[in-house]
Amino acid sequence: MAEETGNKSAADFGIGVPQKNELYELKGANNYDWGMKDRLSRVFNPKSGKTVMLAFDHGYIMGPTSGLERIDLTLRPLLEHADCLMCTRGVLRSLVPPTLNKPISLRTSAGSTVLTELNEECLGVEIEDAIRLNASMMAVMCAVGNKRFEGLTVRNLCKSIEMGNRYGIPTLGVNAVGKELTRDARYLALAARVVAENGAQVVKTYFCSEGFEQVTASCPVPIVIAGGKKVPELDALKVARAAIDQGAKGVDMGRNIFQADDPVAMIQAVRHVVHDNAKPEDAFQMYNDLKTS
Ligand code: 5RP
């Protein structure tokens, strides 16, 4: 207990110096509560306002995906280079050391695999477990336009947002684009907007080569892009550059990092694009310089 007598007298009141209210710069987030902002600041680097998320949750629908067969061996060296780790609770508990101290975007929707029908999901992780795992964000699939599962996945998303708002944990709405849908700006803008209007604090979607700036402009919260199937390293860096130039606030990339010839060099090259504004060619040079042959 503080002593009552003999304390130094308080004198430094800064009279005449107005208290500053600092603006919270992340897109759309100025009116969120403190805990929500704190978690988002762990995901999005407050200096660059951007993020390089490493997605390795693929196993929950695809099993031991190429590059993720032994997460302990192949992914472990990458983790320190990511701003945020996107994974399932199974992999988090068994293979990700808590001493890394990285923010987690926890995959919380679950329910189907590539062997049956994708997107028939529920919320497979209770909010209490997300809290126990100190999740900075909860990632929920949302299949806008899917004739069978649109309603189901929008309801999952809303439930997650509801629970997340209760405890200050943001929800990442992941736009699932089925084979029957065209990944053009018109569709992606609609899907991203639906997810944001329902209250997701961050949207994950795909890049499209034409009109992507319309997708980001009409989405009131930050967009991060998925990398998609593996392409040559320079092409992946070009996509990251184009997406950032057209308003994306980061990448949530998986296969184009962990399936690269040298994943550790690739994640650093992606960081160079996202955080240092590097040209793709310069980042590719960096990739080749760092690459261990
Ligand atoms: C699956 C996901 C994956 O995390 C995602 O697709 C990102 O990985 P990639 O860059 O390999 O596409 O959200 O639902």
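Visitor: Is the crossing of α12 and α13 left-handed or right-handed?
Guide: In this predicted model, the crossing of α12 and α13 is right-handed, a crossing being right-handed if the near helix is turned clockwise from the far one by less than a right angle, and left-handed if anticlockwise. Helices here are DSSP runs of H or I with at least four residues, and strands are E runs of at least two, numbered from the N terminus.

Visitor: At what angle do the axes cross?
Guide: The axes of α12 (residues 263-276) and α13 (residues 280-290) cross at roughly 155° and come within 8 Å, where axes are lines fitted to C-alpha atoms over the stretch in contact and angles run from 0 to 180 degrees between N-to-C directions. That makes α12 roughly antiparallel to α13, the term for angles over 145 degrees.

Visitor: Switching to the ligand, which residues are closest?
Guide: Among the 14 residues that surround the ligand, the closest are A55, A226, G227, G254 and R255, with a residue counted as near if its C-beta atom, placed from the backbone, lies within 6 Å. The elements that give two or more residues to this shell are β10 (250-253) and α11 (255-258).

Visitor: And how many helices and strands overall?
Guide: The chain has 13 helices and ten strands, and its C-alpha trace spans about 70 × 50 × 40 Å along the principal axes.

Terms used: Residues are numbered from 1 along each chain as its sequence is written. This is a predicted model: local features need pLDDT of at least 70, side-chain atom pairs count only at pLDDT 80 or more; totals for chains, interfaces and linings use all residues. Angles under 35 degrees count as roughly parallel, over 145 as roughly antiparallel, 65 to 115 as roughly perpendicular and the rest as oblique.
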